Every structure is written in C-alpha cells, then in structure tokens.
Amino acid sequence: MTQSKAALPPETGPARGFRRHLARLAIDESGVVTGLAIFIFLIILMVGGLGIDLMRSEMRRTDLQNTLDRAILAAADLDQDRDPELVVRSYFDATGLTDYLGSVTVDDGLNYRTVSADASMTMNTHFMKLAGVDTLTVPARGTAEERIANVEISLVLDISGSMAGNSRITNLRAAAKEFVDAVIRPETEDLISLSIVPYTAQVNAGPLIFNELNVNQVHNFSHCIEFYDSEFSTTALDTERTYNQMQHFEAGSYYNNPITNPGCPRRDYERITAFSQNGSALKDQIDNLRPRANTSIHLGMKWGAALLDPSFQPITGALAAGGHVDSEFSGRPAAFNDSETLKTVILMTDGENVTTRRIADHYYDSESEISHWNRYPLYYYLNNYVSWYYRSGFYYTKYSAHHADNLLDNICDAARAQGIVIWSIGFEVTNHGADVMRSCASSDAHFFRVEGVEISDAFSAIARQINQLRLTQ
C-alpha cells in the first residue's frame, strides 16, 4: 500500500518576506562595498593630511636651518670684528625668527673660532590632530668653524726675462709681498710654512738643499740639477739616485766675461727658500727678484711639488738641524694623508714654455771647457769663432716648448693626485699660456688670468681661500 508524503504547512506572510530579504542580501553586496570605500577614503585622507603636515614642518625646518647656517658661518669668520653671538642674533632678527633662537656657544682660540647654535619652533598641525597630535617641534642646530690648520705653501714665481716688460716684475713684487702678509701672521705662527721657488730656464736649489742630494757636481757656480722626464710623473725627489748638475753657461749673443745671465740663476735671492715663516726675510727676497733668462714652468712646478712631498722630509730635517729652517717645521712636509695639513702650490707665469738647450757633453767635460763657458756666451762664441757648418754640434735641445708643456701636465697631474691644491696665475699671458696654466690648476676656479695690478687681486683671493670656512656638522 502506497503511503503519501505529509503535506507542508502553508508559508505565512512574515516568513515569506524574510526569505525574500535573505535572497536579496545573497545577491546584493552594495552595502558592504560602500562601507569599505568610506573606510579606505578616510585612510587616504588621513595619510595625505599627515604628509601635508610633515611637508609644512620640513619647509619651516629648512628656513630655520638655512638662517642658522648663514648666521654661524658669518659669526665664525676670524675677520669678523663684532661679537659672534650678536652676529648670530642679528641674522635671526633680520629674518623675523628671533623668538625661535635658543643657545649660542662661542669657542675662540689662537687660530680658530667655533660657533654653535640651536633653534626650535612649535608648529600647529591641521590633520595630525585627528590622530591626537596637535603640534610638531621643528629643530635646527649646527656648528661652524674657521680654523687655520697646518698649511704648507709653495710659491712658484716666474722671474724670466719677459717679466721686465710692462712693470710686470714690479706688480709681482707688490702682489707677492701682500700674499706673504696675508698668510704669515702672528696667529699662524708655527702653523703655516711658505717656500719660495723662483724659476727661469732652471731652478737653483741652493747649496743647502743641493748638498743633501746625491749630485754629480762639476762646478761651483750654481746649484741646479737635471731631472729625467719620468720624474715629472711623481712629486717625489729620488734621494737614491745621483743627479747631474746643470751646466753653467749663458745662451746669449752678446759678450760678457764672466757671463751675467746663465740658465741656472746663481744669486742668493734667486735660490729656493724652504719652509719659512719669516715674513720680513721672505719679502726681502721677493723685493730682490730680477727678470732674467728663459721660461721653464715645468721645472718650477716640479720643485714646488717636491717641497710638499714627504720624500723631502729628511732634507727639511737636516736644514732644521743646521738652523736654516725653524725647528717647528723639521717634520715637514707632512704625509699626504695627514688630515690636519693643507698642501698648496701657487704657480705664476707671465708667458709660456720656450725651447731650452744644453751644451753637448763632449764640449763640457773638462775644467778648461767649464771655465771657457763662464767667459763666453754660447751664441756669441759660435757666431764669432765657429763655422756655421759645425755650430749645431755644440748644443742640443733639452726641452722644446711642446715637450715642456707635456712635462708640466704630468707634474700637475701627479700633484693633484696626491691631494695638492694647485692655484695658477696667468699674468698677461697668451691664449696658449692661459690654456696651459688653466689645465694645471685644480679646477677652473683655481685659475686666474690677470693684467697689470690685477695680479694683487689674484694673490689676495688665494690667501683668503687658504683660511676656509667649513660646516663641521
């Protein structure tokens, strides 16, 4: 017998409505999406507002820090006569930030001044207050210092014959003496040493330096040595090898007995002065410089760099032991990695490299021949006593102008590679001369092309740069 299913009770009205509502929710998520979108929008708004408040804070901090930096730099300047703290406060007064300046600390020493300051402002937030952050603190602080640290200077001066024209030597003397006064001061005692390297066709090392080197000496007239070309690729002097002494002769065409204008200068004031802080003696030497002979810029630069190379230190020590260099400088030149020492060359010329010659060795290998060339200038003797056919055999070219330019490039590269700061001055030079000197300098900003009394401006600018301001924090 078949049994029939029980009949379900009929659906009432409320039950039927609830079921339909559940069905709609199963297929309609718009309520959930709208809530999520509102939540994400609020997060974006909060993050954006946070960024705006932080951006406002950074702008205020930048203004405050820039004002503080300018103020402490001006206050730390050793040439600043006003009270350093008053200088700082005047900067904040001028920018309307006086209320935010905190403490100002000044430390003055014999050769330095350090100025520290801090400032702070409180900024109300616009959006971060929604998260309970009502204000932000905007700080600024810094320390500026001007310190005259140990400085080793090689002043390499052109005293070639062309310096006689247009009052060049007169203008050079005035400018170089002003430079000495600017860097050799009571407050720089035992800190700054200055070496003078006068150069023409050669550089006279002087007997004191000459005797500390291994030299094949053949005469007693002067004290110039000859370098190998390879030695212009290094700032060092080779204290192990034996140098050849430069020949004593004059390349002139007019008779002088004895010769008066040899390629290697022989007077006391034409010699290198090493590691001095005697301003009076340095200026006396500069006053006595006289124009003469040709131009070999590369030789002047080689000696200027060598005086800053640590390989020169044993020579300085010997000079100090003999009382020829202040004992305070007996350890100079310092190592290249000595962070407390600035090494710099000021290289000056009024021209450009020219061809320079030497007498053939077989005409300069006996006492009688050495004596002969002390009585007769080379071209005078050849023109008057030697057939034109044989004249070229009496001499050879040691440096062509192009060769000398290349060697100058080499020694300038070597010096810069060791961290030596090179300033160069082209004094009434040709465009070629200017290009050569600019190439030698540490940068275009370290090169000066000047005319007339402008050379004093160049030396003054270099002297100011030696005492550099720097932010230490």
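Trainee: Why does Y389 count as exposed?

Mentor: Exposed means over 50% relative accessible area, buried under 20% and partly exposed in between (1.4 Å probe, protein chains only). Y389 counts as exposed because its relative accessibility is 57%. This residue lies in helix α11, residues 388-391; a helix is a DSSP run (H or I) of at least four residues, a strand (E) one of at least two, both numbered from the N terminus.

The model is predicted, so local features need pLDDT of at least 70 and side-chain atom pairs 80 or more, while totals for chains, interfaces and linings use all residues. Residues are numbered from 1 along each chain as its sequence is written, and side-chain values use heavy atoms, without hydrogens and water.

Trainee: Which residues form a nonpolar patch on the surface?

Mentor: Such a patch joins nonpolar side chains (Val, Leu, Ile, Met, Phe, Trp, Tyr) within 5 Å, from residues with over 30% relative accessible area and no salt bridge. Here W388, Y389 and Y390 form one.

Trainee: What volume has the largest pocket?

Mentor: A pocket is an open set of points on a 1 Å grid, with protein on both sides within 12 Å along at least five of seven lines; lining residues have an atom within 4 Å of a point. The largest pocket has about 470 Å³. Its lining has 23 residues, and L208, I272, T273, A274 and H324 are the closest to its centre. α5 (206-210), β9 (273-276) and α6 (279-288) each supply at least two lining residues.

Methods:
On a 1 Å grid over the protein atoms alone, a cavity is a set of points where a 1.4 Å probe fits but cannot get out, and a pocket is an open set with protein on both sides within 12 Å along at least five of seven lines; lining residues have an atom within 4 Å of a point. Grid points are joined across faces, edges and corners, and a volume is the space filled by probe spheres set on the points. Patches are made of residues with over 30% relative accessible area and no salt bridge: like charges are joined within 9 Å, nonpolar side chains (Val, Leu, Ile, Met, Phe, Trp, Tyr) within 5 Å. Accessible areas come from the Shrake-Rupley method with a 1.4 Å probe; for residues, only the protein chains shown count as cover. A salt bridge is a side-chain nitrogen of Lys or Arg within 4 Å of a carboxyl oxygen of Asp or Glu.
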